[in-house]
Amino acid sequence: LGLAWQRGRWDGSDGGRGGYGEVLAEMARADRYEPSDDPSKSRALVEDMRRRYNLLGPDGGDAAEMEAIDLDGDDGLGLDAARRRCAGLVLRAMGFVQNGL
């Protein structure tokens, strides 16, 4: 995910100013999203990815799916699934497979 965002900074597929380059910078600092087993840190990552998603110009179905992601799991499994689903949607919107990453 981080590598796709870094490439996106170069080719503009990260959503431009205010896009995923900012999330990548936060990842590099490792204080906002780490440790990943802390639910508040995982929630922050998902919220940051969701907030920028529309900058990527996703199709309507994927945008609706992103909005429908449930962050409130009773045992943390919901949050883990949300993090994975959110990351997958971001990578698809950035053309992860089409760009050969």
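Predicted model: local features only at pLDDT ≥ 70, side-chain atom pairs only at ≥ 80, totals over all residues.
## Packing of H1 and H2

Helix H1 spans residues 2-11, and helix H2 spans residues 20-29. The two pack at an angle of about 130°. Their axes lie 9 Å apart. The crossing of H1 past H2 is left-handed.

On the H1 side, the contact is made by Gly 2, Trp 5, Gln 6 and Arg 9. H2 contributes Tyr 20, Gly 21, Val 23, Leu 24 and Met 27. By class, the contact has five nonpolar residues, three polar and one charged.

## Salt bridges around Asp 48

The whole structure holds seven salt bridges. One of them joins the side chains of Asp 48 and Arg 32, at 2.7 Å from N to O. This pair links distant parts of the chain. Asp 48 sits in helix H3 (residues 39-52), while Arg 32 is in the loop between H2 and H3. They are 16 residues apart.

Asp 48 also forms a salt bridge with Arg 51, with the closest N and O atoms 2.8 Å apart. Together, Arg 32, Asp 48 and Arg 51 are linked in a network of salt bridges.

## Exposure within the network

Is Asp 48 buried or exposed? Asp 48 is buried, with a relative accessible area of 4%; the cut-off for buried is under 20%. Arg 32 has 32% relative accessibility and therefore counts as partly exposed. Arg 51 is exposed, with a relative accessible area of 55%; exposed means over 50%.

## A bridge between H4 and H5

Which residue forms a salt bridge with Asp 62? The partner is Arg 92, and the closest N and O atoms are 3.1 Å apart. Arg 92 lies in helix H5 (residues 77-93), and Asp 62 lies in helix H4 (residues 60-68). The pair therefore ties together parts that are 30 residues apart in sequence.

Asp 62 counts as buried because its relative accessibility is 13%. Arg 92, at 45% relative accessibility, counts as partly exposed.

Key:
Residues numbered from 1 in each chain as written. Heavy atoms only, no water. Axes fitted to C-alpha atoms, helices over the stretch in contact; angles between N-to-C directions. Helix = DSSP H or I, 4+ residues; strand = E, 2+ residues; numbered from the N terminus. Left-handed = near helix turned anticlockwise from the far one by under 90°. Contact = heavy atoms within 4.5 Å. Nonpolar A, V, L, I, M, F, W, Y, C, P; charged D, E, K, R; others polar. Salt bridge = Lys/Arg side-chain N within 4 Å of Asp/Glu carboxyl O. Buried < 20%, exposed > 50% of the residue type's maximum accessible area, 1.4 Å probe, protein only.
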